[in-house]
Amino acid sequence: MNTYDVVVIGAGYAGLTATRHLLKANKNVLLLEARDRVGGRVFTQNLDSGTYVDLGGAWIGPTQDHIYALAREFGVETFPTYDTGKSTQYFRDKIKRYGGLIPPLPIGALLSLDAAIKRMNKLAKSINLAAPWQSPNANYWDAMTLASWMHQQMSFQTARDFFKVAAEAIWAADPADISMLHALFYVKSAGSLELLMNIKGGAQEERIVGGAQTIANKMAATFADKICFNSPVKTILQEGDGVKIIAKEKEYGAKKVIVAIPPTLAGRIDYQPIMPANRDSLTQRMPMGSVWKTYAIYDKPFWRDAGLNALAATPSGYITVTFDNSPKDGSKGILMGFVLGNQAKAFSELSAAQRRQEALAAFTTFFGKKAQNPVQYLDHSWATEEWSRGCYAGVMPPGVWTSVGKTLRAPVGHIHWAGTETAEVWNGYIEGAVRSGERVAKEILECLA
Ligand SMILES: Cc1cc2nc3c(=O)[nH]c(=O)nc-3n(C[C@H](O)[C@H](O)[C@H](O)COP(=O)(O)OP(=O)(O)OC[C@H]3O[C@@H](n4cnc5c(N)ncnc54)[C@H](O)[C@@H]3O)c2cc1C
């Protein structure tokens with residue numbers, strides 16, 4: 001049995017970052033990855049047409065300093081998300097085009113929506129990021145879903161409908177499935193609702209030339225001999241002053257192990273001795289969100305000639321939000337449509353042909369007949385990926401933060417936890433994953449000192 005100072009499980013941005021930092025500190029490290037690639041929930045697919053799409057995480061934006069630092073360090077270029085021209089709103093069977101950030105809604109609904117955004121930002125300020133369960137009125141907020149708060153806060157159905165579109169785009173989950181305390185934590189973790197929602201000045205501001213997996217690939221290339229692919233970890237045994245890890249019938253010994261995978265997957269590992277009750281309860285109660293990305297590829301971004309930015313929002317149908325995901329040079333036109341939350345679950349029940357038909361019908365409604373016949377259509381769900389089981393991230397339903405939330409990051413013996421779900425800042429994002437990797441490496445180095 002080979003032995004190491006640290007075995008890291010999961011070669012997503014969290015596990016890669018942790019491995020890199022531990023190697024820099026001259027530790028003997030092995031990174032075990034279930035898939036045959038690095039990047040985890042960030043996966044860039046190269047297409048025959050010579051371009052690429054990000055099937056998972058794609059955008060980065062202001063205040064995500066740690067991923068920007070990695071991009072700079074590895075010489076990876078970023079570019080602004082295309083947002084020149086008018087946005088599109090499809091509501092009650094009508095298309096409306098509008099400039100700026102304010103959607104053309106009836107004034108009552110608009111004021112109600114604006115008040116809700118301001119209120120949520122204000123409430124989020126009071127959240128204790130390190131210990132959300134210790135925030136003022138934590139039990140009150142954690143007993144409520146985001147959906148029930150939306151009902152309390154907004155009397156206009158239209159305001160609630162559009163708030164839901166934004167909430168689903170942020171969490172990839174239905175507001176009825178999200179604890180209000182978690183929603184507030186998430187807003188504080190990013191900085192504000194605007195940072196979460198916006199292109200300019202927000203999380204969707206920029207994309208990565210070559211795709212978001214590029215940085216992960218380059219980082220991994222600096223320690224390729226330390227990564228073992230196709231090695232799903234099934235068992236972790238804590239014995240004496242170390243751990244034994246079993247992956248693909250092979251055994252590895254280590255002083256410490258880092259589990260850098262989403263909580264629901266961490267809960268599927270067999271621990272001996274078994275996890276403390278509250279930690280086990282947490283991993284039973286933190287499901288992943290649901291999202292499909294749908295892509296239509298065209299010879300050129302035809303909507304740009306019509307003065308449109310390809311940003312559409314609608315509270316009806318499967319696809320509720322779209323973006324221009326063309327490459328930096330605009331050599332191809334790529335529309336990306338999100339199918340989110342409960343719509344994603346319903347979309348999963350359609351055949352591939354039905355999904356294509358629904359997606360292209362939506363693109364045609366939003367952007368006209370030219371959208372009907374793309375050169376290529378593809379879509380992707382993460383729910384059926386064995387090593388993700390949903391996306392973007394694990395979401396806390398009511399009652400979890402305040403009962404067992406403190407077990408999210410707390411080490412159990414020699415087992416330490418990382419992954420975007422454990423991040424205090426930019427939780428749920430690539431930035432959060434990177435920061436969690438840095439945090440856990442520091443934690444381990446302190447233990448090994
Ligand atoms: C559709 C979609 C859109 C998104 N959009 C954005 C975006 O635009 N911007 C953004 O910042 N974030 C976005 N995200 C979220 C972002 O991708 C994630 O927050 C981030 O990639 C998580 O990184 P991680 O390292 O924490 O986890 P992961 O990337 O999930 O890495 C975990 C790794 O562990 C491996 N693994 C799992 N179980 C085992 C096991 N038992 N043994 C060994 N290996 C195992 C997995 O294969 C995986 O490689 C999006 C995600 C998705 C899916």
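## Leu265 and its contacts

Leu265 sits in helix α10, which covers residues 263-266. In this predicted model, Leu265 has 23 C-beta neighbours inside 10 Å. The cut-off for a buried residue is 20 or more, so Leu265 counts as buried.

Which residues does Leu265 touch beyond its neighbours within four places in sequence? The contacts are Trp387 and Arg389. Leu265 and Met288 are 23 residues apart in sequence. In space, their C-alpha atoms are 9.8 Å apart.

## Domains

The chain is divided into domain 1, domain 2 and domain 3. Domain 1 takes in 2-41, 213-285 and 398-448. Domain 2 takes in 44-83, 203-211 and 289-381. Domain 3 is 102-197.

The centres of domain 1 and domain 2, taken over C-alpha atoms, are separated by 30 Å. Between these domains, 13 residues of domain 1 are in contact with 15 residues of domain 2. On the domain 1 side, α9 (213-221) and α16 each supply at least two of the touching residues. That side divides into six nonpolar, two polar and five charged residues.

## The ligand shell

How many residues surround the ligand? The shell holds 40 residues. The closest are Gly10, Gly12, Gly40, Gly57 and Cys391. By type, the shell has 25 nonpolar, ten polar and five charged residues.

Where does the ligand lie relative to domain 1 and domain 2? Both domains give residues to the shell, so the ligand lies between them.

## Two helices

Helix α6 has 15 residues, 157-171. At 1.5 Å a residue it should span 21 Å, and its end C-alpha atoms are 21 Å apart, so the two values agree. Its buried residues include Phe162, Phe163, Val165, Ile170 and Trp171. Arg160, Lys164 and Glu168 are also among the buried residues. An α-helix has 3.6 residues a turn, so residues three or four places apart point the same way. The buried residues of α6 pack against the helices α3 (107-124), α5 (146-153) and α8 (193-197). They also pack against the strands β15 (308-313), β16 (319-324) and β17 (333-340). After α6 comes Ala172, with a positive phi near 55 degrees.

Helix α14 has 16 residues, 352-367. Buried residues of α14 include Leu360, Phe363, Phe366 and Phe367. Arg355 and Glu358 are buried in α14 too. Gly368 follows α14 and has a positive phi, near 95 degrees.

## Strand β6 and its partners

Strand β6 covers residues 86-91. With β15 it pairs in the parallel sense over three bridges. There, Gln89 stands opposite Ala313.

In which sense does β6 pair with β7 (residues 94-98), parallel or antiparallel? The pairing is antiparallel, over five bridges. Thr88 in this pairing stands opposite Arg97 of β7. β6 and β7 form a hairpin with two residues between them. Arg92, in the turn, has a positive phi of about 50 degrees.

## Backbone details in the loops

Two cis peptide bonds deserve a look. One joins Gln272 and Pro273, with omega about 0 degrees. Pro273 is in the loop between β13 (270-272) and α11 (277-284). Another runs from Cys391 to Tyr392, with omega near 0 degrees. Tyr392 lies in the loop between β18 (376-381) and α15 (400-404). Cys391 is also one of the closest residues to the ligand.

For Asn26, which is not a glycine, phi is about 65 degrees. Asn26 lies in the loop between α1 and β2 (29-32). Is Asn26 buried or exposed? With 8 other C-beta atoms within 10 Å, Asn26 is exposed. Trp426 is not a glycine either, and its phi is about 55 degrees. Its place is the loop between β19 (415-417) and α16. Trp426 has 28 C-beta neighbours inside 10 Å and counts as buried.

Conventions
Residues numbered from 1 in each chain as written. Predicted model: local features only at pLDDT ≥ 70, side-chain atom pairs only at ≥ 80, totals over all residues. Near = placed C-beta within 6 Å. Nonpolar A, V, L, I, M, F, W, Y, C, P; charged D, E, K, R; others polar. Domains from an automatic or database assignment. Contact = placed C-beta atoms within 7 Å. Helix = DSSP H or I, 4+ residues; strand = E, 2+ residues; numbered from the N terminus. Expected span 1.5 Å × (residues − 1). Buried ≥ 20, exposed ≤ 12 C-beta atoms within 10 Å, placed from the backbone. Pairing = 2+ DSSP bridges.
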